Amino acid sequence: MVETRTTSEIEELIPRFKLEKLLNQDQGGRRITLLGSIDSSPALLTAERAAFPSERSTLTAFHASLANIKNLGANDIYHWYLASSQASRAAPPDLKLNLIYPCTEQHIKKYSPQGVRMVTETPEIYRAH
């Protein structure tokens, strides 16, 4: 039987989660699944990074909102950093940044949306070419 809970009760579940172990992490590091418990009952908690906002006003202020920027390395025009999206000094890095500076027109093309082509190959086309 499923209990009916208030919004407040539902929101209070997350802080009560007790971690047992990391169950899974996707290749991009954007999603993790944790195994644990809430009040001695088993629970799975999946955390996924939210999409970045795409409004111009938000993007204009994005770089200025970063805190705790730490350089991981550099090679010529390529630079790697860890940074926090929260202003708190205690906030752990939650972003990995790649900077290409100065970039070329070729870099801009490479990182711009690419056109997609779909090719359907039949056995006849495969034999002929």
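**A guided reading of the predicted chain**

Leu59 has its place in helix H2. From the C-alpha atom of Leu59 to that of Lys21 the separation is 36 Å, and the two residues are 38 positions apart along the chain.

The overall plan of the chain may be set out before the details. Its secondary structure amounts to 4 helices and 6 strands. Followed along the sequence, these elements give the pattern α-β-β-β-α-β-β-β-α-α. The radius of gyration of the chain is 22 Å, whereas a compact globule of 129 residues would have a value near 14 Å. Along the principal axes, the C-alpha atoms fill a box of roughly 65 × 50 × 30 Å. Of the 129 residues, 15% count as buried.

The description now turns to the sheet reached through Lys21. Lys21 has Leu35 in S2 as its bridge partner, and Asn24 is likewise bridged to a residue of S2, namely Thr33. Strand S1, which covers residues 18–25, pairs with strand S2, residues 31–38, in the antiparallel sense over 6 bridges. Between S1 and S2 lie 5 residues, and the two strands form a hairpin. In the turn of this hairpin, Gly29 has a positive phi of about 70 degrees. Together with a further strand, S1 and S2 belong to an open sheet of 3 strands in the order S1-S2-S3, with antiparallel pairing. S1 and strand S3 (41–48) are the edge strands of this sheet, each pairing on one side only. On average, neighbouring strands of the sheet are turned by 25 degrees against each other, direction ignored.

A further open sheet has 3 strands in the order S4-S5-S6, and its pairing is antiparallel. Strand S4 (67–75) and S6 stand at the edges with a single partner strand each, so one side of each has no neighbour in the sheet. From one strand to the next, the twist averages 25 degrees. Strand S5, residues 78–84, is paired with S6 in the antiparallel sense over 6 bridges. Within this part of the structure, Tyr78 stands opposite Ile100 in S6.

Asn68 is found in strand S4, and its phi is near 50 degrees, a positive value in a residue other than glycine. With a relative accessibility of 24%, Asn68 counts as partly exposed. Asp76, in the loop between S4 and S5, also has a positive phi, of about 60 degrees, although it is not a glycine. Is Asp76 buried or exposed? Asp76 is exposed, because its relative accessible area of 69% is over the 50% required. In the loop between S6 and helix H3 (105–111) lies Pro102. The peptide bond that joins Tyr101 and Pro102 is cis, with omega about -5 degrees.

The remaining topic is the space around these elements. Rolling a probe the size of a water molecule over the atoms shows where empty space is left. The largest pocket holds about 700 Å³ of space. It is lined by 20 residues, of which Phe52, Phe62, Leu95, Lys96 and Leu97 are the closest to its centre. Helix H2 (56–62) and strand S6 (95–100) each supply at least two residues of this lining. Which element gives the most to the lining of the largest pocket? That element is S6, with 5 residues. By class, the lining of the largest pocket comprises 12 nonpolar, 4 polar and 4 charged residues.

The second largest pocket contains about 170 Å³ of space. Its lining is made up of Arg49, Ala50, Ala51, Phe52, Pro53, Thr58, Phe62, Ser85, Asp94 and Leu95. These residues divide into 6 nonpolar, 2 polar and 2 charged.

Technical notes
Residues are numbered from 1 along each chain as its sequence is written. This is a predicted model: local features need pLDDT of at least 70, side-chain atom pairs count only at pLDDT 80 or more; totals for chains, interfaces and linings use all residues. Side-chain values use heavy atoms; hydrogens and water are left out. On a 1 Å grid over the protein atoms alone, a cavity is a set of points where a 1.4 Å probe fits but cannot get out, and a pocket is an open set with protein on both sides within 12 Å along at least five of seven lines; lining residues have an atom within 4 Å of a point. Grid points are joined across faces, edges and corners, and a volume is the space filled by probe spheres set on the points. Ala, Val, Leu, Ile, Met, Phe, Trp, Tyr, Cys and Pro count as nonpolar, Asp, Glu, Lys and Arg as charged, and the others, Gly among them, as polar. Two strands pair if DSSP finds at least two bridges between them. Axes are lines fitted to C-alpha atoms, for helices over the stretch in contact, and angles run from 0 to 180 degrees between N-to-C directions. The radius of gyration is taken over C-alpha atoms; the globule rule is 2.2 Å times the number of residues to the power 0.38. Buried means under 20% relative accessible area, exposed over 50%, partly exposed in between (1.4 Å probe, protein chains only).
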